[in-house]
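Please open the model in your viewer and keep the selection tool at hand. We will go from stop to stop, and at each one I will say what to select and what is there.

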Amino acid sequence: VWRARRTHSSLFLPTTQPRSLSSSFISLSPASPAAARLEGVNKPELLPPGPPVPVLDIAGFLTPGERARLTARVAALEADTGVRLRVLAQNYPATPGLAIRDYWAIDADTVTFVADPSLGNILNFNVGEGVDLKVPRTFWTRLANKFGTRRYWSEKGQEAAIVNAVNAIDVCLREPEGVGQCRKVADAVVD
């Protein structure tokens with residue numbers, strides 16, 4: 001039996017539902033020891049030393065070249081739109097968990113994309129309030145359903161799911177603001 005409870009300590013938990021970082025998060029509280037893996041995690045030792053990097057691949061899903069390309073794309077997106085996209089590839093329980101908030105200084109203009117296949121859909125997002133006002137909530141669900149399903153990443157690989165999701169977010173945030181913004185999830189750039 002699972003009970004929903006409100007907590008501020010579940011940023012590490014993947015979720016395909018857009019959420020504001022300043023509001024409470026919903027996490028699942030296990031009623032049995034078998035489900036204990038959903039407990040809060042705070043492992044700052046998994047974060048790299050030095051200045052924060054926008055793409056962290058703790059799970060090893062990305063090649064060094066792809067990580068560098070994604071880092072450049074994320075930096076260009078931030079410079080052009082003001083939206084801070086941050087990508088964390090992990091395999092729960094190997095996650096920095098709550099430490100990621102301070103590491104990235106997450107704010108209302110941050111989209112935290114956690115790629116974690118341990119719960120089925122690899123694409124999980126925490127969306128800051130500022131971005132939530134610009135991007136329709138349905139975009140995040142459509143994105144997760146297009147590139148994040150177990151079938152997709154099992155056939156194409158975790159790297160393809162991550163790269164295609166970052167591309168779709170980039171395309172969406174560069175569209176003119178208005179009624180039609182982010183209505184369609186961009187097609188795959190990597191198969």
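Select Cys182, which sits in the segment after α6; helices here are DSSP runs of H or I with at least four residues, strands are E runs of at least two, and both are numbered from the N terminus. Cys182 has a phi near 60°, a positive value in a residue that is not glycine. Buried or exposed? Cys182 counts as buried, because its relative accessibility is 0%; buried means under 20% relative accessible area, exposed over 50%, and partly exposed in between, with a 1.4 Å probe and protein chains only.

A word on what you are looking at: this is a predicted model, in which local features need pLDDT of at least 70 and side-chain atom pairs count only at pLDDT 80 or more, while totals for chains, interfaces and linings use all residues. Residues are numbered from 1 along each chain as its sequence is written, and side-chain values use heavy atoms, leaving out hydrogens and water.

## Zooming out

Starting at the N terminus, the order is β-β-β-α-β-α-β-β-α-α-α-α. Of the 191 residues in the protein, 49% are buried. Contact means heavy atoms within 4.5 Å. Among contacts with a separation of 6 or more, 69% are between residues 24 or more positions apart.

## Two backbone details

Most residues other than glycine have a negative phi, and most peptide bonds are trans. Now select Tyr92 and Pro93: the peptide bond that joins them is cis, with omega at about 15°. Pro93 belongs to the loop between β4 (84–89) and α2 (99–104).

Next, move to Ala105, in the loop between α2 and β5. Its phi is positive, about 50°, although Ala105 is not a glycine.

## Helix α4 against helix α6

Two packed helices are described by the angle between their axes and the distance between the axes. Show α4 (residues 137–147) and α6 (residues 158–174): they pack at an angle of about 150°, and their axes are 10 Å apart. For these values, axes are lines fitted to C-alpha atoms, for helices over the stretch in contact, and angles run from 0 to 180 degrees between N-to-C directions. The two helices are therefore roughly antiparallel; that label is for angles over 145 degrees, with under 35 roughly parallel, 65 to 115 roughly perpendicular and the rest oblique.

Which residues of α4 meet α6? They are Phe139, Trp140, Leu143 and Phe147, and on the α6 side their partners are Ala161, Asn164, Ala165, Ala168, Ile169 and Cys172.

## Helix α1 against helix α6

Now bring in α1, which packs with α6 at an angle of about 15°, with the axes 11 Å apart. That makes α1 and α6 roughly parallel. The residues of their contact divide into 7 nonpolar, 2 polar and 6 charged.

Pick Arg73 in helix α1 (residues 64–81). Arg73 is partly exposed, with a relative accessible area of 29%. Beyond its neighbours within four places in sequence, Arg73 is in contact with Val166, Asn167 and Asp170. Draw a distance from Arg73 to Asp170: their C-alpha atoms are separated by 8.1 Å, and the two are 97 residues apart along the chain.

## Last stops in α6

Select Asn167 in helix α6. Asn167 is buried, with a relative accessible area of 6%. Leaving out residues up to four places away in sequence, Asn167 touches Arg73, Ala186, Asp187 and Val189.

Finish at Ala160, also found in helix α6. Ala160 is buried at 2% relative accessible area, and, not counting residues up to four places away in sequence, Ala160 touches Tyr152 and Val190.

Methods:
Nonpolar A, V, L, I, M, F, W, Y, C, P; charged D, E, K, R; others polar.
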